[in-house]
Amino acid sequence: MIESTAQTPRRNWIAFAIVIALLVISAVGLRVTIAQMKITFRKLPVELSAPLLDMKPTLGPWVQASVDRALNPDIEHELGTKEYVMRDYIDTRLLDAGAREKFIAASLEDREKMMHSGELKLDNPASIMRFALTFYTGSADTVPHVSERCFVADGWRPSAFDVVNWPILSRQNESDRLVEVRLMNFEDQVGSRAFRPRQVCYFFQVNGKYKHDPIFGVRKELQNLFERHAYFAKVEMVTGMDSVADAAPVMTNFLQHAMPEIERVLPDWSKVKGNESDVATPEPAAKVNP
């Protein structure tokens, strides 16, 4: 039996209406499911506990030796944030008594001049630490700049890479003091510059946890659908010693003095979450660097 042409459009409209109804029901159901499970795709920003530039200029024996300056707008745009602090610190234990007293008493401007003029006689490369702290918030898909790419782009060749576990946090339990850190050595591949090797270490604090991996650590944590807020901060240090073996204890010592200040200015995650947990909980690691 051949269907009449009058019935065909009617059946098409019925089918169309059914499809629309199913789509509406699915959309409503999805919204209800998201609301019930408290899933969120957009992240709310998190406030710093204090401006990063409020970090103290003196971290134990390490004393700030450079003036805090804003980056070039193009570089700042590439960095992806206006919240950062980049400083040089000097280990005053490695200065002679007279130079130490004069350096500590000087203004930041004069300290910077003393450092670059050679007045301090910084023959020991362990005496200088370049430090950077950058902060990002409100995004679930940010991939931070990492030294593996940036240093290579600037003409350096990576010659060593490791993930080490350093006791740098002020915690009662020894295991809670450990943080996994990426530690690398770079050698100058532009022969005309003849620069000393550079040792770089970095790690992140992301949503109250410490991570060393920018993808499987930072991005994975930021894309947690059950977390409404999102932030991360990158901690990075650079030295110019002969090897990572020489740089590791110096960097560890600097961080042991710096971490209380770093945690003081970064967000208090316990307040964000409305509980009294620690500001940041380090992830356990398999290897401990001696």
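Reply: Glu148, Arg182 and Asp213 are linked in a network of salt bridges, where a salt bridge is a side-chain nitrogen of Lys or Arg within 4 Å of a carboxyl oxygen of Asp or Glu. By this rule the count comes to 15. The model is predicted, so local features need pLDDT of at least 70 and side-chain atom pairs count only at pLDDT 80 or more, while totals for chains, interfaces and linings use all residues. Residues are numbered from 1 along each chain as its sequence is written, and side-chain values use heavy atoms, with hydrogens and water left out.

One of the pairs is aspartate 68 with arginine 87, whose closest N and O atoms are 2.9 Å apart. Aspartate 68 sits in the loop between strand 2 (62-64) and helix 2 (73-79), and arginine 87 belongs to strand 3 (residues 84-91), so the bridge ties together parts that are 19 residues apart in sequence. Helices (H or I, at least four residues) and strands (E, at least two) are DSSP runs here, numbered from the N terminus. Aspartate 68 is partly exposed at 28% relative accessibility, whereas arginine 87 is buried, with a relative accessible area of 3%. Buried means under 20% relative accessible area, exposed over 50%, and partly exposed in between, with a 1.4 Å probe and protein chains only.

Arginine 264 bridges to glutamate 261, and their closest N and O atoms are 2.9 Å apart. Both residues are in helix 7 (residues 244-265), three residues apart, which is about one turn of the helix. Arginine 264 is partly exposed, at a relative accessible area of 37%, but glutamate 261 counts as buried at 8%.

Glutamate 236 and lysine 234 also meet through their side chains in a salt bridge, at 3.5 Å from N to O. In this case both partners are buried.

As for the setting of these pairs, the protein has eight helices and 10 strands. Of its 290 residues, 42% are buried. Among contacts (heavy atoms within 4.5 Å) with a separation of 6 or more, 74% are between residues 24 or more positions apart. The protein exposes about 16400 Å², and carbon and sulfur atoms supply 56% of that area; accessible areas come from the Shrake-Rupley method with a 1.4 Å probe, and for residues only the protein chains shown count as cover.
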